[in-house]
Amino acid sequence: MATPADTMINSAVLESGHRFLGDLGPAVDLPAAERAVADLLAALGQDPSGHPGLADTPRRVAASFAEMLEPKPFRLTTFPNEGYDEMVVARDIPFNSLCMHHLLPFKGVAHVAYLPDNRIVGLSKLARVVELFARRLQVQEALTTQIAGCLDLNLAPKGVGVVLEAEHMCMTLRGVQKPGTMTVTSALLGKMREDPRTRQEFLSLIHGGLAPAR
Ligand SMILES: [Zn+2]
């Protein structure tokens, strides 16, 4: 009978030195964040006490950042693989993250695939892994690598493929201002990287029946 194996993905796991999980960092200090937002508003020439609409803004902004930066721990439960040797693909997993350089959001979809060896994982957990790494200050390249590395570490599959397509508000609202520009990043490990046929299968599965234009 199948015996599941659990890895609780939380700060304890991170402390044990799992190389791809990185550091979730300390919890958000809400009062300090509120004060800082009030200072930022003042520095931007906006006086929270001078406008009723701004009165509660420091608290709201601090709470929003806390929500976007504090991933929820979860159990990455894996099961023995009983003979499935095809690729497992989760396509179009929506995610939001925060750009490390501008503190502005970037959002898009992740396509996550693995080629099982001895262990498989519940499909919903692939989305949880994406969310875990998205809820911190990020650059898209690192986010892609961390998702792939986490699955590689915990499933020891024959291969992993991760492709992220995202729109960065720091590109579309400011700077070059090109709305709709998508940034695509990928991380391929194991057979997904080494075997051209496997890689091709992955790419055609995530692009087959193209998702509607975003
Ligand atoms: Zn940015």
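Begin by selecting the largest nonpolar core, which has 32 residues; a nonpolar core here is a set of buried Ala, Val, Leu, Ile, Met, Phe, Trp, Tyr and Cys residues joined through C-beta atoms within 7 Å. A residue is called buried if 20 or more other C-beta atoms lie within 10 Å of its own, exposed if 12 or fewer, and partly exposed in between, with C-beta atoms placed from the backbone. The members that touch the most other members are A110, V112, V129, V130, I147, L151 and V162. Two or more residues of this core come from each of β3 (88-99), β4 (105-115), α4 (123-134), α5 (140-155), β7 (159-168), β8 (183-190) and α8 (196-207). These element names refer to DSSP runs numbered from the N terminus, with helices (H or I) of at least four residues and strands (E) of at least two.

The model is a predicted one, in which local features need pLDDT of at least 70 and side-chain atom pairs count only at pLDDT 80 or more, while totals for chains, interfaces and linings use all residues. Residues are numbered from 1 along each chain as its sequence is written.

Then show α4, whose buried residues are K125, L126, V129, V130, L132, F133 and A134. This helix of twelve residues reaches 18 Å from its first C-alpha to its last, close to the 16 Å expected at 1.5 Å a residue, where the expected span is 1.5 Å times one less than the number of residues.

Next, display β3 and β4 together, which pair in the antiparallel sense over nine bridges; strands pair if DSSP finds at least two bridges between them. L98 stands opposite P105 in β4, and L98 also has L137 as its bridge partner in β6. The strands β3 and β6 (residues 137-138) run parallel and are joined by two bridges.

Which residue in the hairpin of β3 and β4 takes a positive phi? With five residues between the strands, the hairpin holds L103, whose phi is near 55 degrees. L103 counts as exposed because it has 12 C-beta neighbours inside 10 Å. Within β3 itself, D92 also has a positive phi, near 55 degrees, in a residue other than glycine. Most residues other than glycine have a negative phi. D92 is partly exposed, with 13 other C-beta atoms within 10 Å.

Now select R119, which lies in strand β5 (residues 119-121) and counts as partly exposed because it has 17 C-beta neighbours inside 10 Å. Not counting residues up to four places away in sequence, R119 touches T78, F79, P80, N81, L155 and A156. R119 and A156 are 37 residues apart along the chain, and their C-alpha atoms are separated by 7.4 Å.

Move on to helix α2 (residues 30-43), whose 14 residues should span 20 Å at 1.5 Å a residue, in agreement with the 20 Å between its end C-alpha atoms. Just after α2, look for G45, which takes a positive phi of about 80 degrees.

Finally, show the whole protein chain, with its eight helices and eight strands. Of its 214 residues, 28% count as buried. Among the contacts with a separation of 6 or more, 70% are between residues 24 or more positions apart.

Definitions and conventions:
Two residues are in contact if their C-beta atoms, placed from the backbone, lie within 7 Å.
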